[in-house]
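Biologist: I'd like to learn how to read the packing in a model like this one. Can you take me through it?

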Amino acid sequence: MSLFELEWLGGEAEQVFRRHRGDRVDAFDWALDTTGVSDEDRDAQRITWTRSAHLEWCAAGAFATLQQAMLVARAPVDLIGMSGRFLADEMVHVELACRMAAAWGGGAPLEVDPAALGPRPDPTLDALPAACALAIRTSCVGETFSQPMLAHARSKATGLAHAVLDRIVRDETPHARLGWLLLDWAAPRLSAADRVRLAEEASDAIAALRDTDAPVDLRERVLLKRVVEPLRRRGIAVAA
Ligand SMILES: [Fe+2]
Ligand SMILES: [Fe+2]
């Protein structure tokens, strides 16, 4: 375990990254007025945004693992190419969350396992079902779920937090689509046993989301309509 601390290189790396990120982020009003906010509430914001930065960091790790698995499984060139920018997208989200923590007074100390970066490929599976299993966890469940949850958080937010959440939400639709596109391409090549295994992966990933503090009816509606039913339509008979 080690403290979650991040570095920024600047110069050439920043220039290339900024071309991907766009300049709108720098135009946000980052000087947050926190007068009248209690120390407790300020610390709660610092903790929330530091945790968000770490979750975004792990999302980048999950996509890196999924990309590797799609390469091994010889997924279509354009589909892998589509996912290429996702790492940079997630680094934008890391940057935004870090800047929000800084605006609230600085990142909170957070101990993390640096090697724990989201799902790992299952070595007992062949390349294609292994890639599909990762796609289900990361994209069909994780990103598909987080998009409406972030949109909900945005609807409650104002000012800087609204601008930041709005910037993040925009990237999540293609992040969620990737998994569904991979499943549709892979469908004719998956065996009945693969589908059973994928349903188990999905159930497991869905169960983990039930620990989140999202409003229960929104959470259950999103899981049923956007995750469970689309998986069932693809022959992956996940339990609700
Ligand atoms: Fe993200
Ligand atoms: Fe994402």
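Biologist: Which residues does Ala131 touch, leaving out those up to four places away in sequence?

Modeller: Contact here means C-beta atoms, placed from the backbone, within 7 Å. By that rule Ala131 touches Ala69, Met70, Ala73, Ala75 and Leu182. This is a predicted model, where local features need pLDDT of at least 70, side-chain atom pairs count only at pLDDT 80 or more, and totals for chains, interfaces and linings use all residues. Residues are numbered from 1 along each chain as its sequence is written, while chains are lettered from A and ligands numbered from 1 in the order in which they are written.

Biologist: And which residues touch the most other members of the largest nonpolar core?

Modeller: A nonpolar core is a set of buried Ala, Val, Leu, Ile, Met, Phe, Trp, Tyr and Cys residues joined through C-beta atoms within 7 Å; buried means 20 or more other C-beta atoms within 10 Å, exposed 12 or fewer, and partly exposed in between. Of its 34 residues, those are Ala131, Cys132, Ala135, Ile136 and Ala202. Helix H6 (127-156) gives the largest share, 11 residues. Helices are DSSP runs (H or I, at least four residues), numbered from the N terminus.

Biologist: Why does Asp204 count as partly exposed?

Modeller: Because Asp204 has 15 C-beta neighbours inside 10 Å. Asp204 sits in helix H8 (residues 192-209).

How values were computed:
Helix = DSSP H or I, 4+ residues; strand = E, 2+ residues; numbered from the N terminus. Contact = placed C-beta atoms within 7 Å.
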